[in-house]
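Please consider the sequence and the three-dimensional model shown here. The paragraphs that follow lead through the arrangement of the chain step by step.

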Amino acid sequence: MKFTEHRDSNINTVKNYEAGKVRINADEYHQSLFLTQKEVFSDWHCSDIRSLTTNSLDALLDQKPEVIILGTGESQIFPEPKLFAHCTNRGAALEVMANDAACRTYNILTTEDREVVLALIFDEKSKTQ
């Protein structure tokens, strides 16, 4: 699935998403990661929704986003309610969707200059390279 160009070339933009991989600017990734408009964190260790914890969300929350867009793989899977509460208590909304929708939503929010973190979970068992 191809995405539209972002007007500011200094902003991280999802250029393409396919099952098991995402292209952010010129770089392709095959593992779980999160990003802000300015930085990509490719060492986020969250291999499936069951491994998502408050500690793994804290790395995202430390970026001070208004909203966290959480892509849970090829389908939308909601995490435990306590994780939504954790984000709310730290001042951020947590929105959950499939990875393709999460990528589109992230790109839209960055064009509005919103403080957003995109986190994508890639299931390690179905990883393609």
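Which residue in S3 does Ile24 stand opposite? In this predicted model, the residue facing Ile24 is Asp27 in S3. Strand S2, residues 21–24, is joined to S3 by three bridges, and the two strands run antiparallel.

These strands belong to an open sheet of three strands, ordered S1-S2-S3 with antiparallel pairing. Strand S1 (14–18) and strand S3 (27–29) form the edges, since each pairs on one side only. On average, neighbouring strands of this sheet are turned by 15° against each other, with direction ignored. Helix H3, which spans residues 99–111, lies across S1 and S2 and runs at about 170° to S1.

A further open sheet has five strands in the order S5-S4-S8-S6-S7, and its pairing is mixed. Strand S5 (40–41) and strand S7 (93–97) stand at its edges; each has a single partner strand, so one side of each is left without a neighbour in the sheet. In general, the strands of a sheet pair through backbone hydrogen bonds, either parallel or antiparallel.

The cysteines complete the account. Cys46 has a relative accessible area of 1% and is therefore buried, because buried means under 20%. Cys103, at 0% relative accessibility, likewise counts as buried. The structure holds zero disulfides.

How values were computed: Residues numbered from 1 in each chain as written. Predicted model: local features only at pLDDT ≥ 70, side-chain atom pairs only at ≥ 80, totals over all residues. Heavy atoms only, no water. Disulfide = S-S within 2.5 Å. Buried < 20%, exposed > 50% of the residue type's maximum accessible area, 1.4 Å probe, protein only. Pairing = 2+ DSSP bridges. Helix = DSSP H or I, 4+ residues; strand = E, 2+ residues; numbered from the N terminus. Axes fitted to C-alpha atoms, helices over the stretch in contact; angles between N-to-C directions. Contact = heavy atoms within 4.5 Å.
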